[in-house]
Amino acid sequence: MKLLVVAASSWELAGITCPLTRVVGVGKLQAAVYTYRAIESEKPDLVVCVGTARALDPSLRIGDIVTATSVWQHDVDLTRFGLLSGELPNGRGGVVGEIACHPFPGLPAGRCASGDVFVTRPYQESHPQLSGSLFCDMESYGIAFAAKELDTGIMIVRSISDDSCGHRPKRYHAFIRKANEQLDHLLSHIAE
C-alpha cells in the first residue's frame with residue numbers, strides 16, 4: 001500500500017520514516033491545497049494525517065494517540081440557512097459536511113472537530129457544538145476534503161498535545177520526539 005503521510009509542520013514529521021511525507025501548512029486552506037497537489041502528484045492509496053491535537057474528551061491525556069472516525073468543520077455555522085453545523089454549499093448544488101475517515105484499529109476513536117480557530121478552554125466552553133467530538137485540530141478537515149475530492153482513503157492519527165483543560169507539555173521538543181516515535185511505529189503497521 002502506498003502511503004502519503006502529511007502534517008502541518010516539519011516538527012510533526014521529524015523522525016517519521018515513511019518514504020512519502022509532505023508538510024502541508026497550518027490551517028484548513030493550506031492543508032487542503034497542498035494535500036490535493038501531493039495526492040495528484042504521488043497517487044497514494046491512503047493519506048495519513050499525523051501531528052498534534054487538543055483533547056476535547058476529558059478522559060484523554062497528553063501523549064495519548066487518537067484516531068478519527070470522521071472529521072467536521074467546527075467553525076462553520078450556516079444553521080440559519082437550514083444546514084447542519086459544519087456544512088457548506090459545495091458549489092455543485094449539494095452540501096459538503098462531515099467526512100468519514102478510516103480509523104486506526106485499537107486507538108481511542110471518534111469525531112475530530114477541525115477549524116481555523118485555536119480552541120482554548122473558554123472557546124470550548126462557549127461552543128457546545130464541540131461536545132461529542134473526541135479531539136480537535138486545524139488541518140484534518142482540509143486534508144480529508146482533498147482526499148475525498150480525489151477518491152483517496154484518509155486516516156487521521158494524532159498525538160494529544162493539550163488536554164481538555166488546556167495543559168500542555170512543559171518540554172515540547174521532548175514531547176514531539178516521543179509522540180513521533182509512537183506515530184512512526186503505528187505507520188509501519190499501516191504500510192504492511
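Student: How many salt bridges does the structure hold?
Tutor: This predicted model holds 8 salt bridges. One of them joins the side chains of glutamate 149 and arginine 92, at 3.2 Å from N to O. Glutamate 149 lies in helix α3 and arginine 92 in the loop between β6 and β7, so the pair links parts of the chain 57 residues apart.

Student: Is arginine 92 buried or exposed?
Tutor: Arginine 92 is exposed, with a relative accessible area of 61%. Glutamate 149 is partly exposed, at 32%.

Student: Which side chain meets aspartate 137 in a salt bridge?
Tutor: That of arginine 158, at 2.9 Å from N to O. Aspartate 137 sits in strand β10 and arginine 158 in strand β11, 21 residues apart. Aspartate 137 counts as buried at 6% relative accessibility, and arginine 158 counts as buried at 0%.

Student: And what about glutamate 139?
Tutor: The side chain of glutamate 139 also forms a salt bridge with arginine 158, at 3.4 Å from N to O. Glutamate 139 is in the loop between β10 and α3, so this pair ties together parts 19 residues apart in sequence. Both residues are buried.

Student: Changing topic: what should helix α4 span?
Tutor: Its 20 residues, 172-191, should span 28 Å at 1.5 Å a residue, and the end C-alpha atoms are 28 Å apart, which agrees.

Student: Which strands do the buried residues of α4 pack against?
Tutor: They pack against β1, β3, β4, β5 and β11. The buried residues of α4 include Phe175, Ile176, Leu183 and Asp184.

Methods
Residues are numbered from 1 along each chain as its sequence is written. This is a predicted model: local features need pLDDT of at least 70, side-chain atom pairs count only at pLDDT 80 or more; totals for chains, interfaces and linings use all residues. Side-chain values use heavy atoms; hydrogens and water are left out. Helices (H or I, at least four residues) and strands (E, at least two) are DSSP runs, numbered from the N terminus. The expected span of a helix is 1.5 Å times one less than its number of residues. Buried means under 20% relative accessible area, exposed over 50%, partly exposed in between (1.4 Å probe, protein chains only). Contact means heavy atoms within 4.5 Å. A salt bridge is a side-chain nitrogen of Lys or Arg within 4 Å of a carboxyl oxygen of Asp or Glu.
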